[in-house]
Amino acid sequence: MGRPSIRHANKIYLTTLLLVLLSTPIIQRLDFYHSVLLAEGLLLLPTVIYAYGARMNLRQLLRIQWPGWQLLALSSLAAVFCYVIATCITASTWMIFARLGSAPPMLLPPIDTPQELGVTILVGGLLASVAEEIFFRGYLLRAYEKLGSLPAVILVGLLFGIFHLSLHSLVSTAFLGIIMGYLVFRTDSVLAGIIAHFTNNLLAFLIIYFSRTAANVQPGPFDILPLGLLAFISLFFLSRILTKVERRTFPPEVTAQSHVRGDLWLLVDSWPLLLSFLIFITLAYGELLLVFRP
């Protein structure tokens, strides 16, 4: 099976990041639903153009195959415990920022009615999950597997966190990305990532809907402690679920390919990622300035 080159993957990652970033002024003028539609469309555009131009087999490229109901159920259950852990990480970071200065605002979708909840689940839950998993755990994971399967899972997870361009949610988003990438790798199906991603988003939207005052609550130490205990318990159950996934799967693991062109060419191929990191660092610095503003 032909794989995308790492060079092309790096360029497409940077192109996609710039498309979304440069469209931010337009996205910010739209309501939540149309902004998600535009952002996710821009997310997929470079990948679709590249795959069409290269005449690649999308089914193989994106791992579009049925893993079975049992593995999908395990992936969804893993996402439940991942959500608790990621929420604890984000809340802890948010609390630290709040203690140091001004914490960044929590951007929540407007969910006040059952109708808004349904549309939010469809657009911000299902559509976003499909688009982001196709790009990250579909296209990018295939390309970076030339570095080896597990290094690719970790790298794509980190790129997933950086792509969200938020310092206070970087660790939690990267953690979710790594777990979802691992599920896709073990099941050899992007559907496992989509169902896990959708479960994570669904939980977030349901919690927002059933606790409408969450935006006005600032977590403190006594809120973090029980959440931390719950996250520790969730980590235990998550490890058990991943063990069950491992016992039921036999993925075609890819070993790292030697770079015959040497380290210099590897650096040349990586310049789009270096520029992407620079963009993230610049925005993270701006976020810190808002935290420590007088």
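Let's start with a pair of charged side chains: Arg-137 and Glu-133 meet in a salt bridge, with 2.6 Å from N to O. (A salt bridge here is a side-chain nitrogen of Lys or Arg within 4 Å of a carboxyl oxygen of Asp or Glu.) Both residues sit in helix H6, four residues apart, or about one turn of the helix. Arg-137 and Glu-133 are both buried, and buried means under 20% relative accessible area, with exposed being over 50% and partly exposed in between (1.4 Å probe, protein chains only).

A quick word on the model: it is predicted, so local features need pLDDT of at least 70 and side-chain atom pairs count only at pLDDT 80 or more, while totals for chains, interfaces and linings use all residues. Residues are numbered from 1 along each chain as its sequence is written, and side-chain values use heavy atoms, leaving out hydrogens and water.

## The overall build

The protein has twelve helices and zero strands. Helices (H or I, at least four residues) and strands (E, at least two) are DSSP runs, numbered from the N terminus. Of its 294 residues, 49% count as buried.

What about contacts, meaning heavy atoms within 4.5 Å? Among those with a separation of 6 or more, 84% are between residues 24 or more positions apart.

## More salt bridges

How many salt bridges does a search of the whole structure find? It finds four. In one of them, Arg-63 pairs with Asp-188, the closest N and O atoms being 3.0 Å apart. Arg-63 lies in the loop between helix H4 (58-61) and helix H5 (69-100), and Asp-188 in the loop between helix H8 (170-187) and helix H9 (190-210), so this pair ties together parts that are 125 residues apart in sequence. Arg-63 is buried, at 3% relative accessible area, and Asp-188 counts as buried at 17%.

Arg-142 forms a salt bridge with Glu-145, where the closest N and O atoms are 3.6 Å apart. Salt bridges that share partners join Arg-63, Arg-142, Glu-145 and Asp-188 into one network. Arg-142 is buried at 9% relative accessibility, and Glu-145 is buried at 1%.

## A buried threonine

Back in helix H6 (residues 114-144) you'll find Thr-120. Is Thr-120 buried or exposed? At 0% relative accessibility, Thr-120 counts as buried. Leaving out residues up to four places away in sequence, Thr-120 touches several others, including Phe-32, Tyr-33, Pro-109 and Phe-205.

Methods. Contact = heavy atoms within 4.5 Å.
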